[in-house]
Each structure stands twice: as structure tokens, then as C-alpha cells.
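Biologist: I have a model open and want to walk through it with you. Can we start with how you use your terms?

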Amino acid sequence: MANGTTTVNEKSFYQQSTNKYSGILSWLLTTDHKRIGIMYGVTILFFFLVGVILGVLMRLELMAPGKTIVDAQTYNSLFTLHGVIMIFLFIIPGLPAIFGNFFLPIQIGARDVAFPRLNLLSYYIYVAGALLALLAVILPGGAIDTGWTFYIPYSIRSNTNVSLPLLAAFVLGFSSILTGLNFITTVHRMRAPGMTFFKMPLFVWATYATAWIQIIATPVIGITIVLVILERLFGVGIFDPALGGDPILFQHLFWIYSHPAVYIMILPAMGVVSEIIPTFARRTIFGYKAIAISSLAIAFVGYLVWAHHMFTSGMSDTARWIFSLLTFIVALPSGVKIFNWVATMYKGSIDPKPPFLWVMSFIFLFSIGGLTGLVLGSLATDIHVHDTYFVVAHFHFVMFGGTGTIFFAAIHYWFPKMFGRLYNDKLATLGVLGFFIGFMLLYFPKFIMGYMGMPRRYYDYLPEFASLQLISTIGSWVLAATIFFIVGYLIHALFKGPKAGSNPWGGVTLEWHIQSPPTMENFKEIPKITHEPYDFSQLKEMKNEYS
Amino acid sequence: MNIHNESAAVHHHVHRDDIGAKMGMWLFLFTELLLFGGLFLVYAVYRYQHTEQFHLAAMELNTGIGTLNTVILLTSSLTVALSIAALQKGNKFLSILMLSLTLVFAFMFMINKYFEWSAKFSHGIYPGSDELLSLPNGQILFFGLYYVMTGLHGLHVLIGIIILSTILVMIIKNKITFDNYAKLENSGLYWHLVDLIWIFLFPLFYLIQ
Ligand code: HEM
Ligand SMILES: [Cu+2]
């Protein structure tokens with residue numbers, strides 16, 4: 001309502017189907033990138049909430065020493081499922097599949113992605129993967145207990161259902177590859193006239209860089225997973241130490257994917273940040289090219305650091321210090337981004353709306369995550385804190401405090417565009433606050449416990465950890481309650497919120513030039529791009545576009 | 001929000017972009033190369049660790065059948081290329097003929113593979129067999145990799161057969177024509193990849209002894 005514009009609304013994409021069906025089939029068989037984005041949204045949000053509940057259950061178990069609600073074996077399954085769901089079903093697909101699908105085509109002035117039907121197929125492959133993972137929980141044999149890293153040799157010895165979740169990860173990887181391939185082709189082939197590479201919004205740049213990582217890294221985990229499944233089924237020997245196979249080789253192959261996967265998670269988030277900050281600081285982004293290129297730099301250097309997860313696994317000293325050095329080098333392009341964001345805000349006229357507050361929270365939490373990453377990247381200190389709660393705290397700060405926070409920022413930023421409604425700013429501000437407080441209570445004590453020597457993946461602990469563990473558990477309640485509160489007011493806004501104009505925040509990238517929610521074709525005519533992406537002098541002319 | 005649908009179907013933005021389609025295909029082939037790349041990496045590591053045993057185990061493989069299969073696949077790459085060229089020139093009949101020949105070659109490859117594997121099986125050499133487990137570790141690994149890599153490649157040949165058969169039907173039904181042949185071309189690219197990977201598998205398993 002910021003500009004008080006009322007749009008002359010044409011039929012939105014909710015009212016116009018891409019196929020001959022109406023009702024539910026018009027969704028299930030749609031090729032509209034926006035509808036597919038929303039279907040991903042609903043599915044991914046569901047699994048996120050399941051993951052949160054599993055996390056809260058674990059925290060309940062850890063509330064007091066000894067057995068509290070579950071036994072050791074159940075705890076093993078809990079953290080494995082929690083990890084698998086959060087990594088493969090939530091955080092990796094999250095931003096690209098929902099917001100990339102919805103906004104990447106719009107931001108480059110296209111009507112859809114390059115391969116709309118393949119896009120729908122990727123969605124169903126994702127669903128199939130998710131169902132396989134769930135199936136493995138209910139089948140007899142017991143839920144997988146290897147940890148989300150599936151380390152050999154335990155993953156070939158465990159009697160629980162390991163092969164099925166592995167297959168699920170393989171299938172999900174395939175979905176990820178197809179999405180990446182689709183986005184790369186879209187960016188190369190579908191940009192509107194005048195939209196040169198250096199006129200693309202930074203979210204597009206980030207998603208583009210991510211798509212490359214998805215394509216280059218995912219096949220490696222794919223084949224590794226297949227090898228583990230074959231090992232379990234036929235005893236091929238490739239990873240089985242009893243037959244000459246090398247478990248360390250598995251770890252290498254696993255991390256050759258799973259470290260770059262960290263960038264699949266964080267790069268799109270950084271792209272979202274680069275969208276939100278200019279909009280709410282009313283200033284063009286500082287160092288546009290540096291941010292764009294640093295995404296590619298992260299994508300590239302991020303490839304060469306995988307073995308920092310294996311400093312204690314057995315490697316030559318030379319390899320260890322090289323990997324440690326390279327790990328420090330990746331901090332550089334990330335630093336470039338942080339400084340450019342801060343410089344963008346300098347002397348801007350900042351409007352602290354909820355999306356912006358989420359970004360502030362992100363910068364704080366992600367910086368803690370990043371700095372403690374340096375502790376883990378240094379050889380000497382890593383030996384001390386390896387496999388302790390320090391690591392658990394660190395990766396929750398980067399993944400959840402980083403990408404997870406931006407997931408909420410993105411929802412709050414684009415919600416009016418996607419659904420044409422506004423949510424209540426006050427409730428949303430409360431949401432940011434509750435999230436931040438809950439988060440710090442939940443995870444900060446884990447740094448201290450880790451430093452004191454509390455190992456990860458244990459359902460029990462020594463009495464000296466009791467008070468910190470209790471604080472952490474209380475934090476999990478605050479955090480989980482806030483998350484459900486946020487989901488609650490958003491759903492309320494979906495049906496009851498006031499109508500959003502086409503440009504409630506005063507953004508200037510292409511999605512703010514079209515009506516909310518967009519029409520099925522996004523643009524009546526494909527726009528001709530003349531402005532730089534964050535040129536706020538356009539705002540004046542834009543006022544006339546719809547009012 | 002008003003979530004109800006117009007029942008009248010709207011023609012969605014179907015647009016044709018052959019260059020885009022080809023770009024997507026190349027990206028996909030790239031991921032396939034990386035998939036096998038992981039296996040080649042594993043092969044390299046174990047070959048380096050067990051040079052002697054790999055050498056001994058490789059002597060068990062039948063170079064004759066391997067060579068025959070190489071010739072078959074190379075020829076099939078040629079016929080699929082000819083099929084594309086024929087269709088571009090508007091010669092539907094020749095295109096169909098060449099594509100069918102490609103399929104014949106693909107089946108021949110699989111039949112050879114079947115005999116090759118079953119011969120190994122009858123000698124008791126397969127993953128987990130007592131015979132194999134009595135051999136030194138290096139040889140177990142060699143045969144493990146042999147089955148995994150040629151097996152995965154065989155799976156790709158099977159998928160190729162399905163794709164090429166579908167394309168064949170589409171040509172017959174005039175869904176793929178001389179001015180709209182991107183699907184045929186992309187399937188051809190896929191088939192070349194299957195061929196290419198075999199070109200690497202063949203020396204690694206059958207020739208380096
Ligand atoms: C309210 C939300 C959450 C809570 C309460 C929570 C809590 C926990 C707890 C207690 C553990 C086990 C620590 C241990 O014993 O080693 C854990 C592990 C883990 N969490 Fe979370 N978490 C939450 C959200 C997330 C999110 C959003 C992500 C990813 C983006 C995530 C990713 C992971 C991973 C990867 C593991 C490691 C699993 C393993 O050891 O195999 N968590 N979490
Ligand atoms: Cu890493």
C-alpha cells in the first residue's frame with residue numbers, strides 16, 4: 001500500500017490455466033513457472049516444518065541428562081532424518097526451486113523458463129524423492145541411523161533401511177540437476193532485449209552461479225550414492241575395507257559434492273540479500289560487478305576446499321594445509337559481498353520493513369557462522385572441536401541463520417507480489433525478533449558446549465552440560481513457536497490481508513513493474529531494458545505505470 | 001485471493017528454440033560425463049594402488065568381444081549421424097533405415113554384453129561370489145569396477161534404445177520432420193556420448209594389460 005497504487009488488474013495467473021483443465025488438475029499439470037514455484041513452496045514448507053518438529057523432539061530428549069523421551073537408537077534415527085530432510089528436502093532446493101522458479105524468468109523479462117515441461121518434471125522427481133525418503137521410515141527394518149553423511153563403513157553395515165533414503169537422495173539430486181540445467185539455458189536464451197548479463201538483477205546472477213554448481217557437483221554425489229547402494233546390495237567391494245575398498249575415498253567423493261552444496265544453499269540467499277538491501281535503502285547496489293563476479297568466484301573456489309571436512313580422517317600434511325589455505329581464500333568473495341552490502345546501506349534512506357529486518361538478522365547470524373567457520377578451517381583448532389557441538393552450532397548458524405533466515409526474508413519480500421496481499425508489519429517484526437532470540441538461545445550455547453567437549457550425535461551427556469542444554473532446549477521452543485506463528489499470520493494474510501499494489505516496497509527490478517499477482521504471461525509485451533538493474537530514478541516513471 | 005480458474009484453455013507460451021534445446025542437451029551430457037568421471041576417478045585411485053592385480057585381472061577379460069563391441073558402437077554412432085543428415089536432406093526413408101540400423105547395433109551390443117557377463121558368471125566371477133572373494137583385493141576391486149562401470153554403461157545403452165525407438169516412431173508419424181529435427185539431433189548427441197564413454201571403458205578394462 002506504500003504508494004497507494006491500485007492496479008488495473010487483469011486476470012492473474014491464479015485465474016488463468018496453462019492447460020485445458022481447471023481446479024486441481026490445472027495446478028498438477030501446469031507448466032507455468034509461477035505455479036510450479038508455488039507448488040514447490042507448499043511442499044518444501046511442509047518438509048521444513050516436519051524437520052523442525054524432529055529438531056524439537058531431539059531437543060526434548062536433550063533437555064535433561066539420561067533418557068528423557070527416546071532411546072539412543074531412536075535418537076540416531078531422529079538426527080539422521082532431521083539432517084536428510086533439512087539438507088536434501090529443504091535447504092538445497094528451497095530458494096532456487098521456489099523463488100528462482102517464480103522470479104528468475106520475470107526478472108530477466110521472460111514469459112517462462114526455457115523448458116517449462118521439464119520444470120514440471122523436476123517437481124515430480126522432487127516429490128518422488130521425498131516420498132522414497134518417507135517410505136524408508138515406515139518400512140520394517142527401521143529408520144536410517146547413519147547420520148546425513150552416510151559415512152562408510154557404517155552405512156554398509158547398518159541393518160536399518162539405508163538404501164532407500166540413499167536412492168531418495170539420488171533422485172532429489174536428479175531433480176536439482178534438471179532445475180539447474182533449465183535455469184542456465186533460461187538465462188542464456190530468454191533474456192529480454194537490452195538485458196545484458198551486467199544488467200541482470202543480482203538474484204539472477206546468484207541463481208545462475210548456483211545452477212552451475214548444481215550441474216557440476218551433483219553428478220558426483222549421484223554416482224557415490226549409487227556405489228554405496230550397490231555395495232549394500234551386492235558387496236562389490238569398492239568402498240568396503242574388508243575387500244580392499246577405501247572408506248576415505250568415499251569421504252572425498254561425498255564432500256566433493258557436499259561442500260559445493262553449501263554454496264548451492266548460500267549463493268541464492270546472497271542473491272536475495274542483494275535484492276532486498278537496495279530496495280529498502282533506496283540506493284543502487286554498491287559494487288554491482290564485484291558482487292556478481294564474486295558469486296562465480298565462490299562457485300569456483302568452493303570446489304577446491306572439500307577436504308576441510310576431513311582434517312581428522314587421515315590425509316597427508318601437505319594436503320591438509322593446502323585445503324586449509326583454500327578454505328580461508330573462499331572467505332574473501334564472501335567478505336566482498338558483506339562489505340558491498342554494508343556500503344550500499346551507507347547514506348541510504350533506510351526503511352526498516354520486515355524483509356530488511358530479516359536481512360539484518362541474516363548479516364549478524366551469518367557472520368557468526370562464517371567466523372566460526374574459520375576456527376574449523378584452521379588445522380590446529382579443528383582437531384579440538386571436530387565432531388563436537390561446535391560444528392553443530394556452526395552449521396546451524398550458516399545454514400539456518402544464513403539461508404534459513406533469508407528463506408523467510410524472501411517470503412516476506414515477495415509475498416505481496418506472489419499473492420497480491422500484504423501481511424501485518426507489526427506481527428512480522430515480532431516474527432523476526434522471536435526468531436532471532438530463539439535462534440541465539442538454541443544454538444549459541446552449543447558453541448560453548450562444543451568448546452567444552454560435548455560431542456555431536458549423542459542422546460546423553462555429562463551433568464556439567466545440563467544447564468546449557470536446558471537453555472538450548474528452551475530456545476528450541478521459542479524458535480519453533482515463532483516459526484509456526486509466522487506461518488500462521490502469513491496464511492491469514494493470504495486470505496484476509498489487504499490488497500497489495502504492484503509495488504508495495506518501491507523496488508525497481510522487473511517484477512515490480514508488473515501487477516500483483518502477475519498475469520500468466522507475466523508481461524503483455526516483452527519489455528525493452530534500458531536501465532541499470534538498481535536505478536531508483538525509475539521510480540517516478542513507474543508510479544505512472546499502474547496508477 | 002481468488003483462486004478459481006478460467007476453464008477455457010489458454011495456449012501457453014510454447015515457443016520453439018532449437019539452440020536452447022541443444023544447449024540444455026549439452027549441459028545434460030556434461031553431467032553424464034561427470035557421473036562417469038567419479039567412477040574413472042575411483043578406477044584411477046585403485047589402479048594406482050593395485051597395479052599388479054589390475055594387470056592380472058584384466059587378462060581374464062575377452063579382448064575379442066570387447067573389440068567387436070567397440071566396432072559395433074562406433075558404427076552405430078555413424079548410422080545415427082547419417083540418419084540425422086538424411087532427415088535434414090528430407091529423405092525420411094533413409095533416415096528411418098539408418099535409425100533402425102542404429103537400434104540393431106545397440107541390440108547387438110547388449111547381446112554381446114550378455115554373453116560376456118554370463119561367461120564370467122559361469123566361471124563364478126561376480127560380486128560376492130566365493131570364487132571372487134578368494135582372489136586378492138586388487139582383483140576383487142577390478143571386477144567390482146568392471147561390473148559397475150560396464151553395467152552403468154549398459155544401462156545407458158538400454159535407455160538409448162528406448163529414446164531412439166521413441167524418436168523412430170515420431171519420425172514415422174511425421175512428428176519429427178526435415179524442418180523440425182532438434183529431438184533427433186539431441187538423441188543423436190546422447191548416443192554419441194554413450195559411444196564416447198565406451199571408448200574410454202574399452203582400453204581401461206580390456207587393453208591396458
Ligand atoms: C527449530 C529448528 C531446528 C532445531 C531445533 C534443530 C536441532 C538440531 C539438533 C538437536 C541436532 C542434533 C545435534 C546432535 O546431537 O549432533 C541437529 C542436527 C542437524 N541439523 Fe538441525 N535443528 C533445526 C533446524 C535445522 C535446519 C533449518 C537445518 C538445515 C538447514 C538443520 C540441519 C541440521 C543438520 C544437517 C544436522 C546434522 C545431522 C547429523 O548429525 O547427521 N537443522 N539439529
Ligand atoms: Cu565444507
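This is a predicted model: local features need pLDDT of at least 70, side-chain atom pairs count only at pLDDT 80 or more; totals for chains, interfaces and linings use all residues.

Biologist: Good. Then is A:Arg320 buried or exposed?

Modeller: A:Arg320 is buried, because its relative accessibility is 16%.

Biologist: And which residue meets the side chain of A:Arg320 in a salt bridge?

Modeller: A:Asp317 does, at 3.3 Å from N to O. Both residues lie in helix H10 of chain A. They are 3 residues apart, about one turn of the helix. A:Asp317 is exposed, with a relative accessible area of 53%.

Biologist: How many salt bridges are there over all chains?

Modeller: A search of the whole structure finds 10.

Biologist: Which residue of chain A pairs with B:Asp17?

Modeller: A:Arg189 forms that salt bridge, and the closest N and O atoms are 2.9 Å apart. B:Asp17 sits in the segment before helix H1 (18–49) of chain B and A:Arg189 in helix H6 (residues 163–189) of chain A, so this pair joins two chains.

Biologist: Are those two buried or exposed?

Modeller: B:Asp17 counts as buried at 17% relative accessibility. A:Arg189 is partly exposed, at 34%.

Biologist: OK, switching to the metal. What are the protein donors of the copper ion?

Modeller: For the copper ion (ligand 2) they are A:His259 through ND1, A:His308 through NE2 and A:His309 through NE2. They lie 1.7 to 2.0 Å from the ion.

Biologist: What spacing do the donors follow along the chain?

Modeller: H-x48-H-H. A:His259 is in helix H8 (residues 247–281) of chain A, while A:His308 is in the loop between helix H9 (288–301) and helix H10 (317–345), so the pair ties together parts that are 49 residues apart in sequence.

Biologist: Is A:His259 buried or exposed, and what about A:His308?

Modeller: A:His259 counts as buried, at 6% relative accessibility. A:His308 is buried too, with a relative accessible area of 13%.

Biologist: Now ligand 1. How many residues surround it?

Modeller: 27 residues surround ligand 1. The closest are A:Tyr75, A:His82, A:Trp148, A:His396 and A:Arg457.

Biologist: Where do its oxygen atoms meet the backbone?

Modeller: One place is A:Trp148, where a polar backbone atom is 2.9 Å from an oxygen atom of ligand 1. Another is A:Arg457, where a backbone N or O atom lies 2.6 Å from a ligand 1 oxygen.

Biologist: And which side chain has an N or O atom 3.0 Å from an oxygen of ligand 1?

Modeller: That is A:Arg456. A:Arg456 also forms a salt bridge with A:Asp387, with the closest N and O atoms 3.6 Å apart. This pair links distant parts of the chain, 69 residues apart. A:Arg456 is in the loop between helix H14 (425–452) and helix H15 (466–496), and A:Asp387 is in the loop between helix H12 (379–385) and helix H13 (389–419).

Biologist: Buried or exposed, those two?

Modeller: A:Arg456 is buried, at 16% relative accessibility. A:Asp387 is partly exposed, at 39%.

Biologist: Back to A:Arg457. What is its phi?

Modeller: A:Arg457 has a positive phi of about 65 degrees although it is not a glycine. This residue is in the loop between H14 and H15 of chain A. Its relative accessible area is 28%, so A:Arg457 is partly exposed.

Biologist: What about phi at A:Arg282?

Modeller: Phi of A:Arg282 is near 50 degrees, again a positive value in a residue other than glycine. A:Arg282 lies in the loop between H8 and H9 of chain A. At 32% relative accessibility, A:Arg282 is partly exposed.

Biologist: Last topic, peptide bonds. What is the bond from A:Ile152 to A:Pro153, cis or trans?

Modeller: Cis, with omega near 0 degrees. A:Pro153 is in the loop between helix H4 (116–138) and helix H5 (154–157) of chain A. A cis peptide bond also joins A:Ser516 and A:Pro517, with omega about -20 degrees. A:Pro517 is in the loop between H15 and helix H16 (538–546) of chain A.

Conventions:
Residues are numbered from 1 along each chain as its sequence is written. Chains are lettered from A and ligands numbered from 1 in the order in which they are written. Side-chain values use heavy atoms; hydrogens and water are left out. Donors are N, O and S atoms within 2.8 Å of the metal (3.2 Å for Na, K and Ca); water is not among the atoms, so sites may look incomplete. Helices (H or I, at least four residues) and strands (E, at least two) are DSSP runs, numbered from the N terminus. Buried means under 20% relative accessible area, exposed over 50%, partly exposed in between (1.4 Å probe, protein chains only). A salt bridge is a side-chain nitrogen of Lys or Arg within 4 Å of a carboxyl oxygen of Asp or Glu. A residue is near a molecule or strand if one of its heavy atoms lies within 4 Å of it. A polar contact is a pair of N or O atoms within 3.5 Å; within protein, one must be able to donate a hydrogen and the other to accept it, and residues adjacent in sequence count only if both atoms are side-chain atoms.
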